[in-house]
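Welcome! Here is a short tour of a protein model, written for someone meeting it for the first time. Please have a look at the sequence and the structure before reading on.

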Amino acid sequence: MEKPWLSHYPSDVPKEINPDEYPSLIEMFENAVRNYADQPAFENMGSVMTYRKLEERSRAFAAYLQNDLKLNKGERVAIMMPNLLQYPVALFGILRAGLIAVNVNPLYTPRELEHQLNDSGATTIVIVSNFANTLEQIVDNTPIKNVVLTSLGQMLPRAKGTIVDFVVKYVKGMVPKYHLPGAISFRKALYKGRRLQYVKPFMSGEDIAFLQYTGGTTGVAKGAILTHRNMIANVMQSKGVYGAVLKDGRETVVTALPLYHVFALTVNCLLFIEFGGKNLLITNPRDIPGFIKELQNTKFTTLTGVNTLFNALVNNEDFHELNFSNLKLTIGGGMAVQRAVAEKWQKVTGVALAEGYGLTECSPLVSVNPYNLTEYNGSIGMPVCSTDVRIVDDENKPLPMDQIGELQVKGPQVMQGYWQRAEATRSTIDEDGWLSTGDIVKIDEKGYITIVDRKKDMILVSGFNVYPNEIEDVVALHGKVLEVAAIGEPHEVSGEAVKIFVVKRDPSVTAHEITEHCRKYLTGYKVPKIIEFRDELPKTNVGKILRRELRDADEAKRKAANEKNSEGAVA
């Protein structure tokens with residue numbers, strides 16, 4: 001198979017990696033602990049946890065799970081919390097006990113939580129008290145037998161933790177009342193575990209490490225089966241493409257994206273464990289002033305995020321005053337990075353914003369821009385080491401590289417399938433191991449991939465394909481626009497018309513101004529015909545704009561208007 005990208009890798013990037021570098025994530029973790037025992041592993045709210053402390057606490061939690069809760073290898077344990085010191089302790093405790101981690105979005109509704117717990121068959125959950133009320137509403141309808149409960153301040157120094165918990169519960173009212181009889185505190189679980197014997201299980205690369213749920217914003221959430229080998233492969237692939245710029249034991253990565261999201265899980269948590277780096281955990285990245293205060297006290301070298309986070313940061317004047325002299329790598333993913341945001345980021349920080357691409361089903365990294373990128377290029381980079389890609393048409397037939405079609409991926413990071421969903425697995429991964437991404441792309445002669453758009457988000461105007469990303473990118477270039485999302489709205493003449501939802505940066509901007517701006521950059525049928533201004537756009541907790549939610553709301557509004565008109569006609 002043609003792989004033009006291989007000859008365009010930087011000379012110090014390997015073409016292949018060894019996905020069997022470690023037998024399991026347990027050995028990878030143990031290796032990091034041996035090499036970096038007294039160096040900081042995680043920091044949160046000013047409190048630092050070394051690799052040695054992480055090892056002791058995760059071993060205690062593993063012993064508690066094995067002995068007190070009597071969980072057997074392969075049982076599923078859910079984690080439902082934001083970025084806290086408790087997260088890596090729980091995560092590595094679960095993995096070291098030979099169990100399967102099931103990451104849960106803390107902002108899930110009771111219905112969404114019930115689905116994921118039932119679908120995964122999790123019998124134990126580690127949860128922060130802020131979300132205990134959600135669990136209480138559905139716990140009796142799930143397989144959950146054990147609830148391990150923590151609070152935001154529970155792993156901070158006692159005095160500080162007490163203050164944090166008091167403010168969160170009684171001043172900010174962020175802990176709704178709950179009743180979970182039989183729940184044990186995370187602190188007590190660790191206390192018990194320290195007095196119990198930990199037995200390291202025999203694990204192979206084919207054992208499941210994570211059930212990582214995906215598709216919740218587009219349909220029923222499905223659990224991607226990610227093995228220890230899948231995750232190690234992706235860590236090694238990440239190390240291959242970034243290893244030349246990251247130094248062992250000397251890096252600090254800003255982790256504002258939640259660790260329960262596969263991007264931060266692999267690229268922040270696991271990759272920087274391998275490098276002996278420190279994760280600066282940001283519990284609430286939506287509090288931009290608070291976030292920036294954390295950055296003022298840290299010599300950070302790497303920062304990962306999504307477009308909306310970068311946009312919020314560069315539009316805050318205090319961010320401009322930070323010291324960026326140590327920053328050498330900025331990685332964007334999760335959604336398309338807009339050129340206007342990337343260019344402003346580089347102007348403010350002096351570092352190019354390297355966009356990458358991945359999906360939960362690929363652990364997640366598929367392609368990245370090289371570490372020596374000098375400026376934003378609009379692509380999602382080249383395939384990472386040991387990864388094959390191809391383009392196919394609607395009939396799943398391979399196309400030449402210079403054609404536009406659906407991206408398919410093959411490599412050691414590709415999931416084993418969807419948990420208990422054989423049909424969904426067969427429709428996503430073919431017999432030869434090619435995974436269909438659902439993303440429409442083009443690949444240039446050097447192997448750089450550019451996303452044209454999601455297959456399902458495509459807008460059809462008079463038979464012409466219009467891609468929302470292109471529209472959004474152009475509108476975002478307007479200096480008075482803060483955020484934008486594009487969808488297709490039914491149109492009696494053209495089939496669909498382009499509609500955009502705009503959040504203003506400058507209150508004076510008008511729809512006419514935006515339309516005239518778009519006419520300069522877009523052909524006639526691509527120019528938005530409908531413009532709706534909003535105070536904010538719906539987003540996932542990771543910051544990805546939910547076009548589906550905008551489409552659903554738009555459809556409901558049209559339906560209501562039609563019903564009203566029909567009633568008027570009858571009257």
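Where is the place of Pro 364? Pro 364 is found in the loop between strand E14 (353–358) and E15. Helices (H or I, at least four residues) and strands (E, at least two) are DSSP runs, numbered from the N terminus. A cis peptide bond joins Ser 363 to Pro 364, with omega at about 5 degrees.

A word on the ground rules. This is a predicted model, in which local features need pLDDT of at least 70 and side-chain atom pairs count only at pLDDT 80 or more, while totals for chains, interfaces and linings use all residues. Residues are numbered from 1 along each chain as its sequence is written, and side-chain values use heavy atoms, with hydrogens and water left out.

**The chain as a whole**

The protein chain holds 17 helices and 26 strands. Along its principal axes, the C-alpha trace spans about 75 × 65 × 55 Å. A compact globule of 571 residues would have a radius of gyration near 25 Å, and the 24 Å of this chain agrees with that. Here the radius of gyration is taken over C-alpha atoms, and the globule rule is 2.2 Å times the number of residues to the power 0.38.

Of the 571 residues, 58% are buried. Buried means under 20% relative accessible area, exposed means over 50%, and partly exposed lies in between (1.4 Å probe, protein chains only). The chain exposes about 24,000 Å², and carbon and sulfur atoms supply 48% of that area; the areas come from the Shrake-Rupley method with a 1.4 Å probe. Among contacts (heavy atoms within 4.5 Å) with a separation of 6 or more, residues 24 or more positions apart account for 69%.

Two strands pair if DSSP finds at least two bridges between them.

| Strands | Sense | Bridges |
|---|---|---|
| E5 (residues 124–128) and E6 (residues 146–150) | parallel | 5 bridges |
| E8 and E9 | antiparallel | 6 bridges |
| E12 (residues 302–305) and E13 (residues 329–332) | parallel | 4 bridges |

Is Glu 55 buried or exposed? Glu 55 counts as buried, at 15% relative accessibility. Glu 55 sits in helix H2 (residues 51–68), and, leaving aside neighbours within four places in sequence, it is in contact with Phe 29, Val 33 and Arg 96.

Arg 195, in the loop between helix H7 (186–193) and E8, counts as exposed at 54% relative accessibility. Arg 195 and Tyr 64 are 131 residues apart in sequence, yet 8.9 Å apart in space, C-alpha to C-alpha.

Lys 70 is not a glycine, yet has a positive phi of about 55 degrees. Lys 70 lies in the loop between H2 and strand E3 (76–80) and is exposed, with a relative accessible area of 58%. Ser 386 also has a positive phi, near 60 degrees. Ser 386 lies in the loop between E16 and strand E17 (388–392) and counts as buried at 14% relative accessibility.
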